[in-house]
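Here are some notes to read alongside the structure. Please keep the sequence at hand while going through the points.

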Amino acid sequence: MEKMVRLCISLPEALLEELDKRVISKGYASRSELVRDLIRDLLAQESWEEDKEVLAVLSLIYDHHDKELVYRLLDLQHRHHLSVLSSTHLHLDHHHCLEVLILRGRAQELESLSTSIAGLRGIKLSKLSRLALPEL
Ligand code: NI
């Protein structure tokens, strides 16, 4: 269990109200939990801005009847096989597939791969979740 430190911070009242609204609407157990998440989000954002080694989850929806798209998607994944840690494919219905790729590598490389995939003709949805590697 990590050692916890208490701190006291000053906020304008209106900002505290906004914080508390989000603690309730997002179901956080406390203000502390929300503030910890905000700091972790900021650290993740900085890791990406500084082109550090990062993690990402790329979610895709496409129609598998487009054989050209399926070929190009697989080809891109093989060309970046060191960055693609895993891929999960789910057949949503007769037409649509959901594919989730877990990626690890330099931020710019993952951004570039994600952009290449998102730009393939026939991709109906592409969403990249940017994560930081946990600190040791
Ligand atoms: Ni499928």
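1. C97 is buried: its relative accessible area is 1%, and buried means under 20%. The model is a predicted one, so these values are computed from predicted coordinates.

2. C97 is one of the residues that hold the nickel ion, and its donor atom is SG. Along the sequence, the donor residues follow the spacing H-x1-H-x5-C.

3. Is H91 buried or exposed? H91 is exposed, because its relative accessible area of 63% lies in the range over 50%.

4. Strands β2 and β3 (residues 96–106) run antiparallel and are joined by seven bridges. Among the paired residues, L90 has L98 in β3 as its bridge partner.

5. The sheet is open and has four strands, in the order β2-β3-β1-β4, with antiparallel pairing. The edges are taken by β2 (84–91) and β4 (123–132); each has a single partner strand, so one side of each has no neighbour in the sheet. On average, neighbouring strands of this sheet are turned by 15° against each other, direction ignored.

6. Helix α2 (residues 31–49) packs on the sheet, where α2 touches β1 (53–63) and β4. The direction of α2 makes about 105° with that of β4.

7. Helix α3 (residues 67–79) lies across β1, β2, β3 and β4. Relative to β1, helix α3 runs at about 170°.

Methods
Residues numbered from 1 in each chain as written. Predicted model: local features only at pLDDT ≥ 70, side-chain atom pairs only at ≥ 80, totals over all residues. Heavy atoms only, no water. Donors = N, O, S within 2.8 Å, 3.2 Å for Na, K, Ca; no water. Buried < 20%, exposed > 50% of the residue type's maximum accessible area, 1.4 Å probe, protein only. Pairing = 2+ DSSP bridges. Helix = DSSP H or I, 4+ residues; strand = E, 2+ residues; numbered from the N terminus. Axes fitted to C-alpha atoms, helices over the stretch in contact; angles between N-to-C directions. Contact = heavy atoms within 4.5 Å.
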